[in-house]
Amino acid sequence: MVARMQYRVYPFRNIRRLQDEVSRVEFPAVNVFVNQDGVIITAELPGVRSEDLDILTHRDSVTLSGERHTETEEAQGYHRRERGRGRFVRTVSLPFVVDPNKVAADLVNGVLTLDLPRAEEDKPKRINVKASKEAGHG
Amino acid sequence: MAKRETTKAGTKGESRQQSQAALTSQPELEGKLSAEQDAGERTHERPVFVPRVDIYETETGLVVVADLPGVSSAGLEVTLEKRVLLIYGRVEENAPEGYSQAYREYAVGDFERQFTLSGDFDINGIEANLRHGVLHLAIPRAPEAAAKRIKVTSGS
């Protein structure tokens with residue numbers, strides 16, 4: 001019943017699907033901000049509740065996955081249907097290893113802000129060069 | 001009087017209708033759509049996007065669902081005037097301080113879109129709610145206006 005209704009709304013569903021595959025832009029789109037202490041990733045996830053969002057970090061990559069629900073029982077026919085729906089998975093590689101215990105995720109008004117601090121052992125270490133007295137040419 | 005008003009709205013709305021015609025074509029499936037700017041000047045320079053929407057009929061009226069990521073209820077403006085429904089959502093730039101942008105897939109900007117509704121709707125019965133960056137607008141149809149017969153008196 002539902003399938004038939006969708007078909008009626010979208011007679012060119014297969015063409016749309018083909019178009020979708022050709023001109024695919026990954027969802028969600030991300031912006032990445034970096035400094036020497038970590039990475040901040042922001043992503044627009046309208047309609048995704050925090051319980052529908054799964055964030056996994058592994059060494060130097062982070063994976064966002066979840067589902068967008070747009071189905072509704074009360075719809076009797078669509079005039080427009082443009083919003084994306086269904087499951088999504090997106091993996092972003094980071095320039096360094098992150099500390100998984102310090103990752104903070106914040107989802108406000110459909111915008112995710114993901115704070116990924118760099119792991120302490122991955123940070124560059126400054127090596128102090130000691131001038132040895134014996135080696136001095138004085 | 002009323003007639004003059006509608007014709008005025010009609011001529012005014014012509015350029016608007018053109019941009020609406022562009023909107024009626026199905027947008028690409030992913031990515032943000034930049035809004036076509038009309039002649040109106042803006043007070044701050046920032047991109048404006050067309051939000052993706054679902055519009056469907058229910059038993060009692062019409063429901064408009066719009067993706068407005070980053071819009072808070074304070075920054076949202078919904079107006080219905082002469083059957084023109086306007087949605088405007090202001091988005092605050094939230095680039096983190098002390099960081100430089102390494103990679104950009106989307107731009108931050110406001111959202112704006114308008115629709116011309118066909119049929120009469122009950123303006124006072126509109127329910128709007130904004131949750132997780134998605135606006136739900138339930139617009140009930142007006143109860144059918146009682147037909148009014150106008151008596152024509154002949155002047156003879």
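**View 1. Arg80(A) stands opposite Ile55(B) in S3(B) at the strand pairing between the chains.** This is a predicted model, in which local features need pLDDT of at least 70, side-chain atom pairs count only at pLDDT 80 or more, and totals for chains, interfaces and linings use all residues. Residues are numbered from 1 along each chain as its sequence is written, while chains are lettered from A and ligands numbered from 1 in the order in which they are written. Strand S5 (residues 78-81) of chain A and S3(B) run antiparallel and are joined by three bridges. Strands (E, at least two residues) and helices (H or I, at least four) are DSSP runs, numbered from the N terminus. Two strands pair if DSSP finds at least two bridges between them.

**View 2. The contact between chains A and B.** Chain A and chain B each bring 36 residues to the contact. Two residues are in contact if their C-beta atoms, placed from the backbone, lie within 7 Å. On the side of chain B that touches chain A, S3, S4, S5 and strand S7 (100-104) each supply at least two residues. That side of chain B has 16 nonpolar, eleven polar and nine charged residues. Here Ala, Val, Leu, Ile, Met, Phe, Trp, Tyr, Cys and Pro count as nonpolar, Asp, Glu, Lys and Arg as charged, and the others, Gly among them, as polar. The model scores ipTM 0.72 and pTM 0.71.

**View 3. The largest nonpolar core has 22 residues.** Those with the most contacts inside this core are Val64(B), Val65(B), Ala66(B), Leu68(B) and Leu135(B). Two or more residues come from each of these elements of chain B: strands S2 (48-50), S3 (53-57), S4 (61-67), S6 (84-91), S8 (110-116) and S10 (134-140). S4(B) gives the most, with five residues. Leaving aside residues up to four places away in sequence, Val64(B) touches Val53(B), Ile55(B), Leu137(B) and Ile139(B). A second, separate core of 16 residues includes Phe33(A), Val39(A), Ile41(A) and Ala43(A). A nonpolar core is a set of buried Ala, Val, Leu, Ile, Met, Phe, Trp, Tyr and Cys residues joined through C-beta atoms within 7 Å. A residue is buried if 20 or more other C-beta atoms lie within 10 Å of its own, exposed if 12 or fewer, and partly exposed in between, with C-beta atoms placed from the backbone. In soluble globular proteins, nonpolar side chains tend to be buried together.

**View 4. Five strands of chain B form an open sheet in the order S1-S2-S8-S6-S5.** The pairing in this sheet is mixed. Strand S1 (33-34) and S5 of chain B stand at the edges; each has a single partner strand, so one side of each is left without a neighbour in the sheet. S6(B) pairs with S8(B) in the antiparallel sense over six bridges. Within this pair, Phe115(B) in S8(B) is the bridge partner of Leu85(B).

**View 5. The side chains of S6(B) alternate between two faces.** Leu85(B), Ile87(B), Gly89(B) and Val91(B) point to one face and are buried.

**View 6. S5(B) and S6(B) form a hairpin with two residues between them.** The two strands pair in the antiparallel sense over seven bridges. Thr79(B) stands opposite Leu86(B) in S6(B). Val71(B) stands opposite Val91(B), also in S6(B). In the turn, Lys82(B) has a positive phi of about 50 degrees. Lys82(B) counts as exposed, because it has 10 C-beta neighbours inside 10 Å.

**View 7. Backbone exceptions in two loops of chain A.** Phe27(A) and Pro28(A) are joined by a cis peptide bond, with omega about -5 degrees. Pro28(A) sits in the loop between helix H2 (13-22) and strand S1 (30-35) of chain A. Asn109(A), a residue other than glycine, has a positive phi near 50 degrees. Asn109(A) lies in the loop between strand S7 (104-108) and strand S8 (111-117) of chain A. With 23 C-beta neighbours inside 10 Å, Asn109(A) counts as buried. Most residues other than glycine have a negative phi, and most peptide bonds are trans.
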